[in-house]
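Please open the structure in your viewer and keep a selection tool at hand. The stops below go from one selection to the next, with a short account of what is found at each.

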Amino acid sequence: MTVTSDFTQKLYENFAENTKLRAVENAVTKNGLLSSLEVRGSHAANLPEFSIDLTKDPVTNQKQSGRCWMFAALNTFRHKFINEFKTEDFEFSQAYTFFWDKYEKSNWFMEQIIGDIEMDDRRLKFLLQTPQQDGGQWDMMVAIFEKYGIVPKAVYPESQASSSSRELNQYLNKLLRQDAEILRYTIEQGGDVEAVKEELLREVFNFLAVTLGLPPQNFEFAFRNKDNEYKKFVGSPKEFYNEYVGIDLNNYVSVINAPTADKPYNKSYTVEFLGNVVGGKEVKHLNVEMDRFKKLAIAQMQAGETVWFGCDVGQESNRSAGLLTMDSYDFKSSLDIEFTQSKAGRLDYGESLMTHAMVLAGVDLDADGNSTKWKVENSWGKDAGQKGYFVASDEWMDEYTYQIVVRKDLLTEEELAAYEEKPQVLLPWDPMGALA
């Protein structure tokens, strides 16, 4: 049907005569949409008190970068470090892992480019759209830890480019698209692709070293804890990881909740082209029902360990108040609009996907051991939420959380067997391939 002027005039007149909508119009145009529709009662219903509360450490700040997945992973190590070594506060260097992830992603991109993909293939266009970006997945972070280790933030501090990565990404992607053309031309001409690729990687390395700083291969680090005990380390980043973190990351698995018809539960999945370190850990997920998903997260926290998780943080989110709840804003009463799409529908129709990784640092359980709300440690600094911490309602977790990382020993034998099976390969643009 064509939109006629008579139809539009009828809509105009109906709105003009609706006193409720005119009042809402005045509020929204003056104060903004969400500020006008905020539900006051959602604050009182989600107070920040939890039956399991694992940390009150000061939060970190990823600033103007998309490193949430790194911050979340390093924060899980950080709490362990602070507790074990009795420090007031401590951070591992997020800029250090950022450098090596950018370097490895560049090599990963080049490897895909020299593969057997035609110029008109949608897969090639997908790769060229964003050759690399800040985001990532848990298994990609593991690949960096295993190959390069970690260092304290004091040893490799932030740079302008790590704290605000837009320029870095703009020119690194510009360089990589140029490299893609060079590599494809070299293949067409029968040239030495590996030799050309090595020269291109040299340019990438130099660019990263200039913008982020040359990362250390060996370093010294010393500190005093709250008991005034002096500790000193001398060695490599991998040795530092082994001595001060020492977690076997092969004992952890990615568990997702994707209730779409193409992903049966209790099966494992991977995503085409998703990765960073060639030859490193494969990105792999076990899909389970949401009730089981939450029980696994609770079990890990009951054992005293925080949980890395991925979600769609912008949905129903009150950033200033630190609330992730389904009743944060009232569209129905004010605008007669109701959002009824299911979680599966939002995934299938492009309304939702994983956009952010944070840490589950606590949970409130009822008398039957069921979750009612969750404590979330963010990486947006102390001014977002309640000193950097958020509260997520249980209903919000059901609808907008997609991934957790838990210990293998929490899985049943059947779940572990399903995870270990050869995974189904999802298309590169599948929502479960979204980078936090």
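**Salt bridges**

Begin by selecting lysine 332 and glutamate 338, whose side chains meet in a salt bridge with an N to O distance of 3.7 Å; the model is a predicted one, and the distance is computed from its atoms. Glutamate 338 is exposed, its relative accessible area being 52%, a value that lies on the exposed side because that class begins over 50%. This pair belongs to a structure that holds 29 salt bridges.

Next, select glutamate 84 together with lysine 80, where another salt bridge joins the two side chains at 3.0 Å, N to O. Both residues sit in helix 5 (residues 68-85), and because they are four residues apart there, about one helical turn separates them. Glutamate 84 is partly exposed at 46% relative accessibility, and lysine 80 is also partly exposed, with a relative accessible area of 25%.

Now move to lysine 294 and aspartate 398, which form a salt bridge of 2.7 Å, N to O. Lysine 294 belongs to helix 13 (residues 290-302) and aspartate 398 to helix 16 (residues 394-400), so this pair ties together parts that lie 104 residues apart in sequence. Which end of the pair is buried, lysine 294 or aspartate 398? Lysine 294 is buried, with a relative accessible area of 10%, whereas aspartate 398 counts as partly exposed at 25%.

To finish this part of the tour, select Asp53, Lys56 and Lys375, which are linked in a network of salt bridges.

**The nonpolar core**

The largest nonpolar core has 114 residues, and Phe77, Leu360 and Ile404 are the ones that touch the most other members. Helix 5 gives the most to this core, with ten residues.

**Two threonines**

Select threonine 97, which is placed in helix 6 (residues 94-113) and counts as buried at 0% relative accessibility. The side chain of threonine 97 reaches the backbone oxygen of glutamine 94 at 3.0 Å. Displaying the surroundings, and leaving aside neighbours within four places in sequence, you will find threonine 97 in contact with Met70, Leu74, Met141, Ile144, Phe145 and Ile150.

Then select threonine 211 in helix 11 (residues 193-212), which is partly exposed with a relative accessible area of 24%. A polar atom of the threonine 211 side chain lies 2.9 Å from the backbone oxygen of phenylalanine 207.

**A surface patch**

For the last stop, select Met1, Val3, Phe7 and Leu11, which form a nonpolar patch on the surface with about 470 Å² of accessible area together. Leucine 11 is located in helix 1 (residues 5-17) and counts as partly exposed at 45% relative accessibility.

How values were computed:
Residues numbered from 1 in each chain as written. Predicted model: local features only at pLDDT ≥ 70, side-chain atom pairs only at ≥ 80, totals over all residues. Heavy atoms only, no water. Salt bridge = Lys/Arg side-chain N within 4 Å of Asp/Glu carboxyl O. Buried < 20%, exposed > 50% of the residue type's maximum accessible area, 1.4 Å probe, protein only. Polar contact = N/O pair within 3.5 Å; in protein donor to acceptor, adjacent residues only side chain to side chain. Contact = heavy atoms within 4.5 Å. Core = buried A, V, L, I, M, F, W, Y, C linked by side-chain atoms within 4.5 Å. Patch = residues over 30% accessible without salt bridge, like charges linked within 9 Å, V, L, I, M, F, W, Y side chains within 5 Å. Areas by Shrake-Rupley, 256 points an atom, 1.4 Å probe, with all protein chains shown as cover.
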